[in-house]
Amino acid sequence: MFIRKAHRMSPITHFLASWIIAAKTTDNPRDCRLVTLAGLAPDLDGLGLAVDMVNNALNHTSSFYYYQQYHHSLLHGVAGATAISLLLAVMARQHWRVFVFAFLAFHLHLLCDLLGSRGPEAGDLWPIFYFGPFSNHPMWLWRGQWKLDGWQNQTISVALLAWSFRTAVARGESFVGVFNRRLDGVFVGTLRKWRDAFALKWKSNAA
Ligand SMILES: [Zn+2]
């Protein structure tokens, strides 16, 4: 039995990138959360894996039909982007703003997948079907695609983390707020304490 691994950038990378977009473009926690979720939503089409696993457990089979059929086809294109952005916009405070930036965060996810989702084998590239699931044309593929665990992806993740800390300190809210606002208060407080301690140390060294 052969199963294609879930080729995609790390969900954490997608999460940080879309949170930064959300933090810069929204002015309330609800909309910020919605735009962040848009950057994670494309990989929901990988949930077919759960269906397959249940089927396999019940029927003693080893098929990965739903996963292979839908992952990177159902929600990794313009149809998915439009549907998800509309859905999120309906729940938003500022409907149009959230639609536009959810659409953007969604597309950034697609771009990241296109750039950095190369699998373990040489020819194991991961294409984007922009008009999927309705059509397999066009199929976008980048031959220079980075490896999933390559240094490019790792560098980008570290840079995104640093950037999101900086944004959080300035804004007073961090990506933790997507899950829990009270916890976020504690987290940002700690970040600010670190920053102040660091600034103080730097000043005393310079003096
Ligand atoms: Zn993806």
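Modeller: Residues are numbered from 1 along each chain as its sequence is written, and side-chain values use heavy atoms, with hydrogens and water left out. As the model is predicted, local features need pLDDT of at least 70 and side-chain atom pairs pLDDT 80 or more, whereas totals for chains, interfaces and linings use all residues.

Biologist: Why is H1 called roughly parallel to H7?

Modeller: Helix H1 (residues 11-25) and helix H7 (residues 151-171) pack at about 30°, with axes 9 Å apart. Angles under 35 degrees count as roughly parallel, so H1 is roughly parallel to H7.

Biologist: What makes up the contact of H1 with H7, by residue class?

Modeller: The residues of this contact (heavy atoms within 4.5 Å) divide into 10 nonpolar, four polar and two charged. Among them are Trp-19 and Ile-20 of H1 and Leu-160 and Trp-163 of H7.

Biologist: How do you know that the length of H1 agrees with its number of residues?

Modeller: The expected span is 1.5 Å times one less than the number of residues. The 15 residues of H1 should therefore span 21 Å, and its end C-alpha atoms are 21 Å apart, which agrees.

Biologist: What makes H1 mostly covered?

Modeller: Buried means under 20% relative accessible area with a 1.4 Å probe, protein chains only, and 12 of the 15 residues of H1 are buried. What covers these buried residues includes helix H2 (29-38), helix H6 (95-115) and H7.

Biologist: Which residues meet where H1 packs on H2?

Modeller: Phe-15, Ser-18, Trp-19, Ile-21, Ala-22 and Ala-23 in H1 meet Cys-32, Val-35 and Thr-36 in H2. The axes of H1 and H2 come within 8 Å and cross at roughly 145°.

Methods:
Axes are lines fitted to C-alpha atoms, for helices over the stretch in contact, and angles run from 0 to 180 degrees between N-to-C directions. Helices (H or I, at least four residues) and strands (E, at least two) are DSSP runs, numbered from the N terminus. Angles under 35 degrees count as roughly parallel, over 145 as roughly antiparallel, 65 to 115 as roughly perpendicular and the rest as oblique. Ala, Val, Leu, Ile, Met, Phe, Trp, Tyr, Cys and Pro count as nonpolar, Asp, Glu, Lys and Arg as charged, and the others, Gly among them, as polar. Buried means under 20% relative accessible area, exposed over 50%, partly exposed in between (1.4 Å probe, protein chains only).
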